[in-house]
Amino acid sequence: MTGRKTVKWGYRTDIPVPLDADGDGAIDLTTWRPRGAVSGLWITRDISPIGWGIEAAGDIPLAGDFDNDGADDIATWRPRRTKLLIYNRTGIKTRLALGEEGETPINRRCAL
Ligand SMILES: [Ca+2]
Ligand SMILES: [Ca+2]
């Protein structure tokens, strides 16, 4: 199989979240590591980990270019409060009302 390679990445409990962290158009290896009541860790290759989102609050990780700067931002959707909690790469935090309890957010990126 040419053009493919296998890379060992993260822990078994990590949640993969495909995103383009640097805006170069290529997906960067990223996972969200749930840590109970402590902020979950966003781990992207070659970028310092970022603590964002709380597993114990039921947060669901997702990513998208919410500020339209060309690079994907990290976010979690908190179903109990129906809030999207966004953390962009410059450290700006935004909370948006979104959806209804019982819904499931869909990440627009595809890992393929
Ligand atoms: Ca990239
Ligand atoms: Ca962005």
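**An all-strand model, pair by pair**

Hi everyone, let me start in the sheet: strand β3, residues 38-44, pairs with β4 in the antiparallel sense, over 4 bridges. By "pair" I mean that DSSP finds at least two bridges between the two strands. Strands here are DSSP runs of E of at least two residues, helices are runs of H or I of at least four residues, and both are numbered from the N terminus.

Some housekeeping before we go on. This is a predicted model, in which local features need pLDDT of at least 70 and side-chain atom pairs count only at pLDDT 80 or more, while totals for chains, interfaces and linings use all residues. Residues are numbered from 1 along each chain as its sequence is written, and chains are lettered from A and ligands numbered from 1 in the order in which they are written.

Back to that pair of strands. Ser39 has Ile54 of β4 as its bridge partner. β3 and β4 make a hairpin with 2 residues between them, and Asp46 in the turn has a positive phi of about 65°. Please note that Asp46 takes this phi although it is not a glycine. Is Asp46 buried or exposed? Asp46 is exposed, because it has 8 other C-beta atoms within 10 Å. The cut-offs, for the whole talk: buried is 20 or more other C-beta atoms within 10 Å of a residue's own, exposed is 12 or fewer, and partly exposed is in between, with C-beta atoms placed from the backbone.

The open sheet has 4 strands in the order β1-β2-β3-β4, with antiparallel pairing. β1 (15-16) and β4 (47-54) are at the edges with a single partner strand each, so one side of each has no neighbour in the sheet. As a reminder, strands of a sheet pair through backbone hydrogen bonds, either parallel or antiparallel.

What does the protein look like overall? The count is 0 helices and 8 strands. Its radius of gyration is 14 Å, close to the 13 Å that the globule rule gives for 112 residues, so the protein is as compact as a globular protein of that length. For the record, that radius is taken over C-alpha atoms, and the rule is 2.2 Å times the number of residues to the power 0.38. Along the principal axes, the C-alpha atoms fill a box of roughly 45 × 30 × 25 Å. Of the 112 residues, 21% count as buried.

On to the interior. A nonpolar core here is a set of buried Ala, Val, Leu, Ile, Met, Phe, Trp, Tyr and Cys residues joined through C-beta atoms within 7 Å. Which residues touch the most other members of the largest core? Of its 14 residues, they are Val17, Leu62, Ala63, Ile74, Ala75 and Leu84. At least two residues of this core come from each of β5 (60-64), β6 (73-78) and β7 (83-87).

Contacts are next: two residues are in contact if their C-beta atoms, placed from the backbone, lie within 7 Å. Leaving out residues up to four places away in sequence, Ala75 touches several residues, among them Leu62, Phe66, Leu84 and Tyr87. Of the contacts between residues at least 6 apart in sequence, 22% join residues at least 24 apart.

Asn68, in the loop between β5 and β6, has a positive phi of about 60° although it is not a glycine. Asn68 counts as exposed because it has 8 C-beta neighbours inside 10 Å.

Arg95 is in strand β8, and with 12 C-beta neighbours inside 10 Å it counts as exposed. Beyond its neighbours within four places in sequence, Arg95 is in contact with Lys83 and Leu85. Arg95 and Leu84 are 11 residues apart in sequence, and 5.6 Å apart in space from C-alpha to C-alpha.

Finally, Glu100 is in the segment after β8 (93-97). Glu100 is exposed, with 7 other C-beta atoms within 10 Å.
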